[in-house]
Amino acid sequence: MAGTERRNLQVRRKGVKMRHAFLMIAHSNWKQVAAFVSAIDTDQCDFFIHVNKNVCLTEEIIKMVEQSAKKSKVYFVKRIPIIWGGAGICEASILLLEEAYKRHKYDYYHLMTGTDLLVKPFEQFDSFFELNVYNNESEGEYKTNYISYGTPNKKMMSRVAYYNFFISQWRNSNKYIRKLATMTNSLLCEIQNIIGINRVKKQDFDIYCGSSWWSISNEFSLYYIKAAKEFMRIFGSKTFAIDEFCPQTVVANSKYKRSLYLNPNGIAKNLRLLDFERGNGYGSPHIWTIEDKNEVLETENLIGRKFDSEIDIDIVKTVLNLIHR
């Protein structure tokens, strides 16, 4: 069930199809992206793709991905640069959502990476969202929103409360530059703490954090676009991984908090299957392999991240075969 108030789940309406917009932030592995588009190609969904401006994108790549869809539409949106830990992911997600909202009023918008895949057949995926429509007696019909959120600890809060510096160097391949950048930033944050700089205290809303990736409803999307732009205006400068604060803070400080999914039966709040415990230690989750086949196929979640055909083609083929229409 979604939210904390009473919800009346609706019976699936015969003949009524939901429309889905898949908002993809990608930078490589184009054959896998094209294969995913082809696998769930249907007139019920369209694909909006942002490609990091820092990587090469050729006309051949664009054509290959576009031609993988016969019924769906594929749109490549305006490109901005993205660096690890910077504001680029959040900016790109707003750009994608805004572009999709202008094109069509979709029932749901799903933010994904280029290495994400559905892990359930599209019909099952679509049914899940329709069956979670609920009625709020005072405000009419809404759809459930799927955003992972929680209260940040002291370390997480320091990303927002203080100005963070040299973020672009925090993962520099040179360990000495990397160490100098992170140590200098820590020192500057401590100085800010001593002299009383705190960007959060003067705000009239609470800060929340969580996963960057979400599935949100049409009802919430227009509100989110406007509120996210304002959040970026306040905190976009020198906040580490602002994409892990923006959607959570916006929704949890709005009336839409009542529409959030409460993850029964072990399903993640944002419906994503991911494993950070086996990740690379730098904020990137475990890449699923064929050895994880049972876990991937048996999950109750709907979207898995992440998969990489250049690392393990077998698990990618297995999942694509499962979801192919």
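I began with the aromatic cluster: Phe22, Phe36, Phe47, Tyr108, Phe122, Phe125, Phe128, Phe129, Tyr146 and Tyr261 form one. I am working from a predicted model.

**Ring pairs.** I counted pairs next and got 28 aromatic pairs. I looked up Phe36 and Phe47, which pair edge-to-face, 5.9 Å centre to centre with 85 degrees between the planes. Phe36 sits in helix 1 and Phe47 in strand 2, 11 residues apart. I checked burial too: Phe36 has a relative accessible area of 1%, and Phe47 has 0%.

Then I took Tyr108 and Tyr146, a tilted pair at 6.1 Å centre to centre and 50 degrees between the planes. Tyr108 is in strand 4 and Tyr146 in the loop between strand 7 and helix 5, so this pair ties together parts 38 residues apart in sequence. Both tyrosines are buried.

**Charges over rings.** I found Lys105 over the face of Tyr101, 4.5 Å from the ring centre. The charged end of Lys269 lies over the ring of Tyr149, at 4.9 Å from its centre.

**Helix 10.** Which residues of helix 10 are buried? I noted Ile315, Val316, Val319, Leu320 and Ile323. At the helix start, a side-chain oxygen of Asp312 comes within 3.1 Å of the backbone nitrogen of Asp314.

**Ala92.** I ended in helix 3, where Ala92 is found. Ala92 is buried, at 0% relative accessible area. Beyond its neighbours within four places in sequence, Ala92 contacts Ile25, His50, Ile80 and Ile82.

Definitions and conventions. Residues are numbered from 1 along each chain as its sequence is written. This is a predicted model: local features need pLDDT of at least 70, side-chain atom pairs count only at pLDDT 80 or more; totals for chains, interfaces and linings use all residues. Side-chain values use heavy atoms; hydrogens and water are left out. Buried means under 20% relative accessible area, exposed over 50%, partly exposed in between (1.4 Å probe, protein chains only). Helices (H or I, at least four residues) and strands (E, at least two) are DSSP runs, numbered from the N terminus. A polar contact is a pair of N or O atoms within 3.5 Å; within protein, one must be able to donate a hydrogen and the other to accept it, and residues adjacent in sequence count only if both atoms are side-chain atoms. Contact means heavy atoms within 4.5 Å. Rings of Phe, Tyr and Trp (its six-membered ring) pair if their centres lie within 6.5 Å; planes under 30 degrees apart count as stacked, over 60 as edge-to-face and the rest as tilted. A charge sits over a ring if NZ of Lys or CZ of Arg is within 6 Å of the ring centre and within 35 degrees of the ring normal.
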